[in-house]
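Hi,

Here is the structure I said I would pass on. Have a look at it first, and my notes follow below.

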Amino acid sequence: MSTPVKTRGHEPFVHPALFYRDADEYLAGTVPFIRSGLAAGEPVAVSVPAANVALLRAELGADADRITLMDMGIAGRNPGRIIPGVLRAFADTHPDRHVRIIGEPIWPSRSAHEYPACVQHEALINLAFTGRDVTILCPYDTQNLTPAVLADAEATHPLLIDSTGQRSSAAYDPEAIIAGYNQPLPEPAEAAELTVDATNLAQARHLARTHAHQAGLPQDQVADVELVVTELVTNSIDHGGGTGRLRIWTADGHLLCQVHDQGTLTDPLAGRHPVPPDQHRNRGLLLVNHMSDLVRLHTSTDGTTFRVHFRL
């Protein structure tokens, strides 16, 4: 497997999918990519599932200490935090150099609830990094991921790499993926509910805190739930018509908090733009992505729904 090359005219950003069948093909596609970057003096970061972190660490030996190596199951447990908290967090520290990153956000044990957010993340990378001198290589396990997942990978990556070489993706269409997975979220069977406006924010916080306690979350996570709900309902008050419909319930080992309002989200990267530490405004959705275990979103001209998950 060869090192990815630029294939879109003068566009410096390169975003290939690496299709691998086993550990040997995984290492053949990733280790030369890493070592070529190190030989060129380029910053290299790798964020992949824990098993592949161990695989790469063993193969790289001392070179593993020369790269930033992260467990994507932790750093990217919520796909919405990967762009600001992993990819941009690394690339932005090297603004004047070509940066190499391996990011593996989709693996076989990702749940059906997580997958739509994962594939939307892969599509949004193309918007977030257009014009940047960055290469982000995304491995896909062809033996254990479904054909539908692999087809989505072809739509979200302009360049495809496998054991036969590399080629441009004829199916590349990230905008179609973003739109196609922007689907209404299924309604819960039963949930606590409150209509929130500027007069009863304290009631919304109390509802969140009470249900987080009852669900068995530890105190620090109870505070996280309260803060996330506060940010979501405040966003609805400020940008969604002045009110938000808050619903809270438990299902499938998670506490879920949902806020619906009458606004339409027009920035597909909302909540994924890094914010300087000294900027105190426009941090709400970024905080939601960083503090939640999963964020799902649906937006249309009829309104916007944010649904956040906290693992119990």
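Leaving aside its neighbours within four places in sequence, which residues is Val99 in contact with? Before the answer, one caveat: this is a predicted model, so everything below is computed from predicted coordinates. With the close sequence neighbours set aside, Val99 touches Pro43, Phe90, Ala91, His94, Asp133, Val134 and Thr135. The residue sits in strand E4 and has a relative accessible area of 1%. The cut-off for buried is under 20%, so Val99 counts as buried. For a sense of distance, take His260: it is 161 residues from Val99 in sequence, and the two C-alpha atoms are 39 Å apart in space.

Now the sheet around it. Seven strands make an open sheet with mixed pairing, and their order is E3-E2-E4-E5-E1-E6-E7. At the edges are E3 (68-71) and E7 (165-168), each of which pairs on one side only. From one strand to the next, the twist averages 20°. E4, residues 99-103, runs parallel to E5, and four bridges link the pair. If you want a spot to look at there, Arg100 has Thr135 in E5 as its bridge partner.

Helix H1 (residues 23-39) packs on this sheet, where it touches E1, E2 (44-48), E4 and E5. The direction of H1 makes about 160° with that of E4.

Finally, the chain as a whole. The secondary structure comes to 10 helices and 12 strands. The radius of gyration is 20 Å, close to the 20 Å that the globule rule gives for 312 residues, so the chain is as compact as a globular protein of that length. Along the principal axes, the C-alpha atoms fill a box of roughly 60 × 40 × 40 Å. Of the 312 residues, 53% are buried. Take the contacts between residues at least 6 apart in sequence: 69% of them join residues at least 24 apart.

Cheers

How values were computed
Residues numbered from 1 in each chain as written. Predicted model: local features only at pLDDT ≥ 70, side-chain atom pairs only at ≥ 80, totals over all residues. Heavy atoms only, no water. Pairing = 2+ DSSP bridges. Helix = DSSP H or I, 4+ residues; strand = E, 2+ residues; numbered from the N terminus. Axes fitted to C-alpha atoms, helices over the stretch in contact; angles between N-to-C directions. Contact = heavy atoms within 4.5 Å. Buried < 20%, exposed > 50% of the residue type's maximum accessible area, 1.4 Å probe, protein only. Rg over C-alpha atoms; globule rule 2.2 N^0.38 Å.
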